Amino acid sequence: MKQLAIIGGTGVDELEGLEIVQSHTPQTPFGVPSRAIQEGRLGDTRVFFLQRHGSPGAIPPHLINYRANMWALQSLGVDDIVAINAVGGINESMRPGALVIPDQVIDYTWGREHSFDDGADGGLMHIDFTEPYDRELRLALVAVAQTNRIPHEASGVHGVTQGPRLETAAEINRMARDGCDVVGMTGMPEASLARELGLAYACVCMVVNPAAGLGDLPISLETMRETLQREAAVVRRLLQQLLTRRYGG
Ligand code: HPA
């Protein structure tokens with residue numbers, strides 16, 4: 001049976017209903033993960049949970065030790081990862097409250113540790129990233145959402161910016177022209193590091209605000225949080241169903 005881990009983002013600090021069995025803080029060649037990784041049971045199924053921003057939400061997107069996080073999860077025997085990301089909506093049909101299971105990424109981040117490849121062993125890590133998310137895991141999420149009538153977008157382009165500031169209106173216009181549907185700050189290099197390690201990785205985006213220049217109000221953390229709380233409950237339901245159906249709970 002494959003082992004699933006969930007990476008929580010802004011607004012998803014805990015997995016409600018998770019009965020914690022143990023906490024792990026593995027040392028990795030890249031340092032320690034953002035927070036102790038919780039090992040627990042959700043229903044009858046074993047699952048790991050990591051909050052990428054640490055606790056209490058202290059690590060900004062550009063300073064997250066993505067390499068340590070992914071390495072640590074693999075060292076615990078994780079095969080599959082579902083990442084949760086709060087995002088801004090660019091596509092008109094992806095308004096606050098929408099859940100998007102993206103199938104593509106455009107990476108606008110810079111200066112992050114993007115690879116495990118340090119050139120030391122002479123082997124080049126030219127991973128195939130044509131499809132940045134694991135197709136099977138992504139389609140399993142879509143199927144579970146469909147079966148349980150959880151409203152969702154079954155595809156989308158996830159643009160990932162450097163942050164921590166939000167974007168300008170012109171940047172969002174450019175991203176829309178590039179084909180981005182949603183914008184977040186933490187989707188990369190998480191996804192490509194997972195691929196380098198051979199982990200199956202898929203993502204669920206919760207739209208918490210219209211992207212810069214597209215809404216009537218300035219973007220505030222307050223309004224993001226309200227939407228997040230509502231959406232986090234839906235995402236939990238999605239994850240619970242995924243665990244039951246795919247991981248034997
Ligand atoms: N832009 C980037 N990251 C985000 C946003 C946004 O509008 N909302 C939540 N995370």
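Tutor: Let us begin with E167, where an N or O atom of the side chain lies 2.8 Å from a nitrogen atom of the ligand; this is a polar contact, meaning a pair of N or O atoms within 3.5 Å, and within protein one atom must also be able to donate a hydrogen and the other to accept it, while residues adjacent in sequence count only if both atoms are side-chain atoms. The model is a predicted one, in which local features need pLDDT of at least 70 and side-chain atom pairs count only at pLDDT 80 or more, whereas totals for chains, interfaces and linings use all residues. Residues are numbered from 1 along each chain as its sequence is written, and side-chain values use heavy atoms, with hydrogens and water left out.

A polar side-chain atom of N209 lies 2.6 Å from a nitrogen atom of the ligand, and A86 takes part through its backbone, with an N or O atom 3.3 Å from a nitrogen atom of the ligand. Of the 260 Å² of accessible area that the ligand has on its own, the protein covers 93%; such areas come from the Shrake-Rupley method with a 1.4 Å probe, and for residues only the protein chains shown count as cover.

The ligand is surrounded by A86, V87, G88, L166, E167, V183, G184, M185, V208, N209 and M224, where a residue is near a molecule or strand if one of its heavy atoms lies within 4 Å of it. By class, this shell has seven nonpolar, three polar and one charged residues; Ala, Val, Leu, Ile, Met, Phe, Trp, Tyr, Cys and Pro count as nonpolar, Asp, Glu, Lys and Arg as charged, and the others, Gly among them, as polar.

The space taken by the ligand is the largest pocket, and a molecule sits in a cavity or pocket if more than half of its atoms lie within 2 Å of its grid points. The search uses a 1 Å grid over the protein atoms alone: a cavity is a set of points where a 1.4 Å probe fits but cannot get out, a pocket is an open set with protein on both sides within 12 Å along at least five of seven lines, and lining residues have an atom within 4 Å of a point. Two or more residues of the shell around the ligand come from each of β5 (80–89), β9 (182–184) and β10 (200–210), and β5 gives the largest share, three residues. Helices (H or I, at least four residues) and strands (E, at least two) are DSSP runs, numbered from the N terminus.

The largest pocket has a volume of about 690 Å³, where grid points are joined across faces, edges and corners and a volume is the space filled by probe spheres set on the points. Its lining has 33 residues, and T10, H53, P61, L221 and M224 lie nearest its centre. The elements that give two or more residues to this lining are β5, β9, β10 and α5 (221–246), with the largest share, four residues, coming from β5. By class, the lining divides into 17 nonpolar, twelve polar and four charged residues.

Most peptide bonds are trans.
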